[in-house]
Amino acid sequence: MRCGGGKVVCVTGASGFIASWLVKLLLQRGYTVKATVRNPNDQKKTEHLLSLDGAKERLHLFKADLLDEGSFDSVVDGCECVFHKPSPETPVIVPATDPQAELIDPALKGTLNVLGSCVKISSVKRVVITSSMAAVAYNGKHLADDVTIDESWFSDPAFCEKTKLWYQLSKTLAEEAAWKFAKEKGIDVITINPGWVIGPLLQPTLNFSVEPVLKLVNGTEKFLNTTHRFVDVRDVANAHILAFENPSASGRYCLVGSIKHCSEVVKMLHDISPDLNLPNKCADDKPFTPTYQVSKERAQSLGVKYTPLEVTLEDTVESLKDKNFF
């Protein structure tokens, strides 16, 4: 399906996990892609992009720094849509030593810099921002079986700060700033808010959202007592494109295919591949963290179809094997 013939779009932070898939799917659909990376000469970060089908003819790499104001002006010039991922790929669960410099500044200032460039360039019709469920679900509300999270939920910065959830804080502040900027400047912004993104890797490096799956299949003795909101990376990349191509798309879209406790994930992995060395004990004796619901209504109205979690897990494990991470 080639909807993008002749159209030019921009993808920021293109060497990352989600963005690499976005570039791949855009090229498949016939788009010309102007992609930003920190260092176009770093083969480890660019080789997987340059080897994609269509890259030779329609992929152009540019150097741009999120914190350097105006560095996106020339890149977004001529683009109809800009797909922007505000944060570095950061471990959600690892404490930051300097949250402001490591997480908040790149997310917040980077988003405003990219939007600042977009507002100057008349060719840009829409900006699709990769936000996160981290900007949706962290407000201190009790989660239980009968609770459904939807797009009307916003994480509370004060709650995130108090509980030292710095990644969640960075995502929340970046999204808040984007909505404020869009309203003030009259620019068409959409946010995609995925849960925990897993799936096959295009890039050669292990990213932080796939790492927990590797730990489970690589001989860890215990699984964590935690509940994850899973979504396939290919579904996330596809949702970004649908958000651009659908003229009536607007606002936020939560993207969560399934919600499972870690114990259920271990069982699924065992069913997929019984020879894996999987943990059989929980890391603590507390009651399992609850499952709850995330509304699929808006995402499905966009045309998103979710890959079954079994398929995503199987493809993730295969990809980790192929890239010799075991």
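**Salt bridges and a buried helix**

Glu-318 and Lys-321 sit three residues apart in helix α12 (residues 309–322), which is about one turn of the helix. An α-helix has 3.6 residues a turn, so residues three or four places apart point the same way. Here the two side chains meet in a salt bridge, with N and O 4.0 Å apart. Keep in mind that this is a predicted model. Glu-318 is partly exposed, because its relative accessibility of 38% falls between the 20% and 50% cut-offs. Lys-321 is likewise partly exposed, at 35% relative accessible area.

Salt bridges with shared partners also tie Asp-232, Arg-234 and Asp-315 into one network. Within it, the side chains of Arg-234 and Asp-232 come together at 2.7 Å, N to O. Asp-232 has a relative accessible area of 2%, so it counts as buried.

Across the whole structure, a search finds 10 salt bridges. One of them joins Glu-175 and Arg-252, whose closest N and O atoms are 2.6 Å apart. This pair links distant parts of the chain: Glu-175 belongs to helix α7 (residues 166–185) and Arg-252 to strand β11 (residues 251–255), 77 residues apart. Both Glu-175 and Arg-252 are buried.

Now turn to helix α1 (residues 17–28), whose 12 residues reach 17 Å from first C-alpha to last, close to the expected 16 Å. How enclosed is α1 by the rest of the structure? Largely so, because 10 of its 12 residues are buried, among them Phe-17, Trp-21 and Leu-25. After α1 comes Gly-30, with a positive phi near 95°.

Terms used: Residues numbered from 1 in each chain as written. Predicted model: local features only at pLDDT ≥ 70, side-chain atom pairs only at ≥ 80, totals over all residues. Heavy atoms only, no water. Helix = DSSP H or I, 4+ residues; strand = E, 2+ residues; numbered from the N terminus. Expected span 1.5 Å × (residues − 1). Buried < 20%, exposed > 50% of the residue type's maximum accessible area, 1.4 Å probe, protein only.
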